[in-house]
Amino acid sequence: MPWKTRGNGAVSMKVENGNIKDIKKIIESAFGRYARVDDEKTNPGYVIIGKQPSYDIYENTVKDIVTIKEVEKLLNSLGAEYKGYKNKRGLIGATASVAWRPKNDKTYELISYRKEDKWGTKRQVDSNSVIKMDRTISSTFDNFDHDNSHNRIVPSSPCPVLYGIRGEKEKDLIDAKSLVRSEEVAGWLIFETNQGTDEHLQIKKISQIKPYQSVITKGTVTKGPHIIKGGHVIFLIKDSTGEIDCAAYEPTKKFRDIIRELNIGDKLVVYGGVREKPLTINLEKIKILHLEKQKEKVENPVCPKCGKHMKSKGAGQGYKCIKCGTKSDKPLFKDKKRGIKTGFYEVPVCARRHLSKPLKRIQP
Ligand code: ZN
């Protein structure tokens with residue numbers, strides 16, 4: 001069963017003039033002290049390597065599935081020093097991290113850390129100060145979900161991170177930090193990251209889409225949105241190669257209201273991760289290119305001779321003028337007003353994946 005690495009928080013750094021043996025000692029001692037190997041979800045790993053692996057391994061990891069065997073083979077061929085703990089999954093993220101470089105895009109994240117005696121206790125980060133920071137420093141993103149009152153800069157795990165502020169500019173992040181009121185910060189660092197870049201997505205025709213990929217695909221709605229158990233909204237799109245279901249799951253909250261407005265014939269580009277059974281695109285955002293005109297009946301037809309509205313003869317049986325007997329089967333229609341416009345729509349901040357590019361970065 002493939003397991004898609006997500007939000008694994010792999011970190012890499014360059015060290016000059018280091019002796020690999022010494023670096024290994026430092027890393028293993030840090031692992032011994034801090035790695036929570038007793039947590040069943042934690043499968044850490046480290047890689048020390050003299051030469052940066054090719055960008056391809058990073059790309060394959062974020063866009064597709066790579067195996068631990070493949071990664072070990074690559075690391076061996078590059079003479080890397082490495083270790084994977086427990087099921088060794090952490091090796092994949094660690095390898096992708098050293099292979100990454102900001103080739104096409106990058107963002108920054110300022111991470112503030114907690115004092116060690118606070119680890120595992122409830123974090124004190126003032127939400128109002130985060131809201132103010134979010135409104136003041138416009139180059140930051142995904143700080144606060146105003147609709148769902150969710151303070152996104154604060155993690156939910158009991159880790160040493162107090163908060164992380166994501167943004168476009170290093171300098172602005174320092175200003176942003178000064179606006180956040182919180183418990184004492186033990187220290188902070190700014191990381192260069194692939195968060196908010198959409199680097200996990202690949203453009204595909206529908207028939208090329210495989211489970212566990214994250215894709216951008218264009219299609220026409222062939223079956224309108226319907227709600228399934230759990231409050232998820234599903235619709236079907238097709239292109240010249242095939243059909244696929246798209247879903248706005250319950251955690252995407254108000255985004256589902258947009259999806260529910262879609263209709264047969266609408267053309268859109270969908271962005272999202274692909275689940276296997278049933279094969280479905282889990283929507284991260286959509287771009288509506290075209291809204292199909294919808295007609296709605298406004299009134300009964302008017303008799304061309306008498307100028308009066310005709311009467312209905314019953315469901316599906318047309319209309320008749322009660323004065324002169326003229327018949328018609330066509331009521332008057334007008335274009336139905338659509339509840340949405342063309343353009344981009346995205347899931348709320350509280351449902352955003354770390355790699356998803358916020359619309360704020362696409363159309364500031
Ligand atoms: Zn008439």
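1. Ground rules first. Residues are numbered from 1 along each chain as its sequence is written, and side-chain values use heavy atoms, with hydrogens and water left out. Because the model is predicted, local features need pLDDT of at least 70 and side-chain atom pairs count only at pLDDT 80 or more, while totals for chains, interfaces and linings use all residues.

2. The zinc ion has Cys-303, Cys-306, Cys-321 and Cys-324 as its protein donors, each through SG and lying 2.3 Å from the metal. Donors here are N, O and S atoms within 2.8 Å of the metal (3.2 Å for Na, K and Ca); water is not among the atoms, so sites may look incomplete. Along the chain, the donors are spaced as C-x2-C-x14-C-x2-C. Cys-303 sits in the loop between strand E15 (295-299) and strand E16 (311-312), and Cys-324, 21 residues apart from it, in the loop between strand E17 (319-320) and strand E18 (327-328). Helices (H or I, at least four residues) and strands (E, at least two) are DSSP runs, numbered from the N terminus.

3. The geometry is tetrahedral because the four donor atoms subtend angles of 105 to 114° around the zinc ion; the label requires four donors with all angles between 85 and 135 degrees.

4. The classes are buried under 20% relative accessible area, exposed over 50% and partly exposed in between (1.4 Å probe, protein chains only).

5. Disulfides number zero, counting pairs of cysteine sulfur atoms within 2.5 Å.

6. The largest nonpolar core has 24 residues, and Phe-235, Ile-259 and Leu-283 are among those with the most contacts inside it. Such a core is a set of buried Ala, Val, Leu, Ile, Met, Phe, Trp, Tyr and Cys residues joined through side-chain atoms within 4.5 Å. Strand E14 (280-290) and helix H7 (255-259) are among the elements that each supply at least two residues, and E14 gives the most, with four. A second, separate core of 18 residues includes Leu-75 and Trp-100.

7. Phe-235 touches, among others, Val-221, Ile-244, Ile-259 and Leu-283, not counting residues up to four places away in sequence; contact means heavy atoms within 4.5 Å.

8. Finally, Gly-50 lies in the loop between strand E1 (45-48) and helix H2 (55-63) and is exposed at 76% relative accessibility. Its C-alpha atom is separated by 33 Å from that of Glu-116, 66 residues apart along the chain.

Key. Tetrahedral: all angles 85-135°; square planar, octahedral: opposite > 155°, others 65-115°.
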